[in-house]
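Welcome, and please open the model in your viewer. We will go from one selection to the next and look at what surrounds each one.

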Amino acid sequence: MIKILIVEDEKPISDLIKLSLTKAGYSCKCAYDGEEAADMLDSNVFDLVLLDVMLPKADGFEVMEYIAPLGIPVIFITAKNSVADRVKGLRMGAEDYIVKPFEVLELLARVDVVLRRYNKTDSVINIGGLVIDTVSMTATRDGSPIALTKKEYDLLLLFARNPRIALYRETIYERVWGGDFVYGTKTVDLHVQRMRKKVGWEGKLVAVNKVGYRLEV
């Protein structure tokens with residue numbers, strides 16, 4: 001399982017990030033100041049660090065200097081929105097920089113991108129009675145392959161990586177088709193319905209009124 005260290009001194013924000021990442025299938029630990037983060041890095045192996053800049057005892061940039069030799073990818077999460085701070089963080093070796101406040105889906109997407117860049121994502125996902133192989137881009141149930149179109153597979157992977165999260169139709173369209181969602185179109189609904197029937201998720205992939213869909217597994 002992918003292990004992520006969340007270094008954030010504001011506990012409500014830390015709790016929200018941990019809850020969201022745990023729901024997405026990641027294992028998370030939290031540190032609330034720079035020194036605690038360094039101690040946890042000494043005694044644990046992590047695949048990714050989410051690092052706030054404004055921290056007690058040692059700030060995020062100081063912690064970044066400690067992390068750099070370890071080769072662990074870092075995403076800065078901070079309220080500091082200046083170009084100089086972003087440039088400094090990236091030049092120190094951070095993979096990405098996300099500014100508060102942020103949407104949970106944006107955070108999950110950035111985490112996914114960085115983990116894929118480091119080949120740290122799980123190549124096989126077991127969820128809702130399915131086995132999804134992200135390398136061969138196939139899905140099976142009880143060893144039998146399921147015939148999916150490219151868009152149906154992309155939809156399946158999107159929901160599998162975001163379980164128990166209500167995904168807006170706009171978000172689904174942007175992530176799978178790209179571009180801007182056209183209100184009134186049934187593209188998302190038709191593809192979701194076909195995919196849901198093929199994989200046997202009629203009772204698991206539920207419609208959320210006036211929003212979109214949520215995978216209940």
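Start by selecting the buried residues of helix H8, which pack against strand S7 (130-133), strand S8 (138-141), helix H6 (150-160), helix H7 (169-176), strand S11 (205-208) and strand S12 (212-215). Contact here means heavy atoms within 4.5 Å. Helices (H or I, at least four residues) and strands (E, at least two) are DSSP runs, numbered from the N terminus.

Before moving on, note that this is a predicted model, in which local features need pLDDT of at least 70 and side-chain atom pairs count only at pLDDT 80 or more, while totals for chains, interfaces and linings use all residues. Residues are numbered from 1 along each chain as its sequence is written, and side-chain values use heavy atoms, with hydrogens and water left out.

Now color the buried set itself: Val 188, Asp 189, His 191, Val 192, Met 195, Arg 196 and Val 199. Buried means under 20% relative accessible area, exposed over 50%, and partly exposed in between (1.4 Å probe, protein chains only). These residues cover an arc of only 165° around the axis, so they sit on the same side of H8. The arc is taken from the directions from the helix axis to the C-beta atoms. Just past the end of H8, click Gly 200, which has a positive phi of about 75°.

Next, show H6 together with H8. How are H6 and H8 oriented to each other? They pack at an angle of about 80°, with their axes 9 Å apart, and are therefore roughly perpendicular. Axes are lines fitted to C-alpha atoms, for helices over the stretch in contact, and angles run from 0 to 180 degrees between N-to-C directions; under 35 degrees counts as roughly parallel, over 145 as roughly antiparallel, 65 to 115 as roughly perpendicular and the rest as oblique. To see the contact, select Lys 151, Glu 152, Leu 155, Leu 156 and Phe 159 in H6, which meet His 191, Val 192, Arg 194, Met 195, Lys 198 and Val 199 in H8.

Then go to strand S12 and pick Tyr 213, which is buried, with a relative accessible area of 3%. For contrast, select Tyr 168 in strand S10 (residues 167-168): Tyr 168 is partly exposed, at 44%.

Finish at helix H1, where Ser 14, Ile 17, Ser 20 and Leu 21 are buried. Their arc of only 135° around the axis puts them on the same side of H1. Among the elements covering them are strand S1 (3-7) and helix H5 (104-117). Just after H1, Gly 25 takes a positive phi of about 100°.
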